[in-house]
Amino acid sequence: MSQNALVGMESSAVTVLTRAVELDTSSRFQESLICYQEGIQLLLDVLKTTKDDSKKPHYRQKIKGYMERAEQIKIRLNQEKEEGKYHEQIKITENAKGFSFEKLFKPYINEALTEVWVEDPYVRHIHQLYNFLRFCEMLLKSPCEVKTIHLLTSQDGENTNQQTSALTEIQQSLKTHGITLTIDYSTTIHDREIRFNNGWIIKIGRGLDYFKKPQSRFSIGYCDYDLRECHETTVDVFHVKHTKQT
């Protein structure tokens with residue numbers, strides 16, 4: 001490996017681990033654990049690759065410290081999950097960026113995830129339907145084997161045909177990828193909630209509709225949602241040993 005590549009790998013490790021410490025300090029422990037694990041792996045790769053023996057003790061010391069902290073967090077999280085006390089709150093501020101579905105949901109997705117429930121009264125208008133489609137695409141690309149997605153929403157009284165047609169298309173498209181989408185409507189639904197059968201429950205104040213409209217179709221953030229500005233909202237994350245089916 002070239003020296004430039006090694007420097008780049010070390011820089012990536014520093015960036016990820018800095019983020020891990022920030023999340024740790026903010027009590028966003030599940031997210032920080034993921035970053036610690038990724039950063040530690042990068043530092044291990046740097047340690048294996050470097051030919052400068054004088055730097056190796058420094059790398060080993062850093063890796064040891066981060067591994068100890070990651071293990072402490074893992075023990076704490078497992079205990080809170082076991083006791084049903086886990087609760088994490090993420091505040092998305094007005095005009096904040098960096099909260100794509102991939103970034104927001106990544107810490108809660110693993111190989112145990114096979115079934116998802118989405119309860120959101122506002123999967124009705126075009127941009128909301130696209131949000132739901134992007135959420136489904138995110139699940140497809142993630143390291144899990146989702147087989148079933150359940151959607152509970154409300155009907156669009158003004159344009160029912162458009163909503164029904166779009167959801168049917170999404171349903172048919174998911175079927176070609178081996179995923180079953182069930183669609184149900186409620187006239188009383190109000191709360192927004194996403195449940196994973198690996199135990200995670202994510203409640204977003206605005207549901208999936210927390211992205212702002214871009215200035216134009218050719219403005220930055222139109223395609224990459226990490227660059228899209230967000231509305232202010234709060235995300236509450238819980239964990240239960242057995243996800244209740246409804």
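What we are looking at is a predicted model, and I will keep to what can be computed from its atoms. From Val14 to Asp53 the count along the chain is 39 residues, and the C-alpha atoms of the two are separated by 20 Å.

Let me now step back to the overall layout. The protein chain contains six helices and seven strands, and, if one reads along the sequence, they come in the pattern α-α-α-β-α-β-α-β-α-β-β-β-β. The C-alpha trace spans about 70 × 45 × 35 Å along its principal axes, and 44% of the 246 residues count as buried. If we take the contacts between residues at least 6 apart in sequence, 75% of them join residues at least 24 apart. The accessible surface comes to about 14,000 Å², and carbon and sulfur atoms account for 49% of that surface. As for charge, there are 33 positive and 34 negative charges in the protein chain, and their mean positions lie 3 Å apart.

Next, helix H2, which runs over residues 29–49. These 21 residues reach 30 Å from the first C-alpha to the last, close to the 30 Å expected at 1.5 Å a residue. Its buried residues are Phe29, Gln30, Glu31, Ser32, Leu33, Cys35, Tyr36, Gly39, Ile40, Leu43, Val46 and Leu47. And what covers them? The cover of these buried residues includes helix H1 (3–25) and helix H3 (56–83), together with strand S1 (87–92) and strand S6 (200–204).

In the loop between H1 and H2 we find Ser27, whose phi is near 65°, a positive value in a residue other than glycine. Ser27 is partly exposed, at a relative accessible area of 40%.

I turn now to helix H5, residues 126–141. At 1.5 Å a residue its 16 residues should span 22 Å, and the end C-alpha atoms are 23 Å apart, which agrees. The buried residues of H5 are Gln128, Leu129, Asn131, Phe132, Phe135, Cys136, Met138 and Leu139, and these pack against H4, strand S2 (115–119), S3, H6, strand S4 (180–185) and strand S5 (193–196).

The structure holds eleven aromatic pairs. In one of them, the rings of Phe105 and Phe135 have their centres 5.3 Å apart and their planes at 70°, and since planes over 60 degrees apart count as edge-to-face, this pair is edge-to-face. Phe105 lies in helix H4 (residues 101–105) and Phe135 in helix H5, so the pair ties together parts that are 30 residues apart in sequence. Both Phe105 and Phe135 are buried. The two also belong to one aromatic cluster, formed by Phe101, Phe105, Phe135, Phe196, Tyr210, Phe211 and Tyr225.

Finally, I would like to look at the loop between strand S3 (148–153) and helix H6 (160–175), where Asn159 has its place. Is Asn159 buried, partly exposed or exposed? With a relative accessible area of 31%, Asn159 is partly exposed. The C-alpha atoms of Asn159 and Arg124 are separated by 8.4 Å, although the two residues are 35 apart along the chain.

Gly157 is placed in this loop between S3 and H6 as well. At 74% relative accessibility, Gly157 counts as exposed, the cut-off for that class being over 50%. How far does Gly157 lie from Pro143, C-alpha to C-alpha? The separation in space is 37 Å, while in sequence the two are 14 residues apart.

I will stop there and take questions.

Key: Residues numbered from 1 in each chain as written. Predicted model: local features only at pLDDT ≥ 70, side-chain atom pairs only at ≥ 80, totals over all residues. Heavy atoms only, no water. Helix = DSSP H or I, 4+ residues; strand = E, 2+ residues; numbered from the N terminus. Expected span 1.5 Å × (residues − 1). Buried < 20%, exposed > 50% of the residue type's maximum accessible area, 1.4 Å probe, protein only. Contact = heavy atoms within 4.5 Å. Areas by Shrake-Rupley, 256 points an atom, 1.4 Å probe, with all protein chains shown as cover. Lys, Arg positive; Asp, Glu negative; His and termini not counted. Charge placed at Lys NZ, Arg CZ, Asp CG, Glu CD. Phe/Tyr/Trp six-rings, centres within 6.5 Å; stacked < 30°, edge-to-face > 60°.
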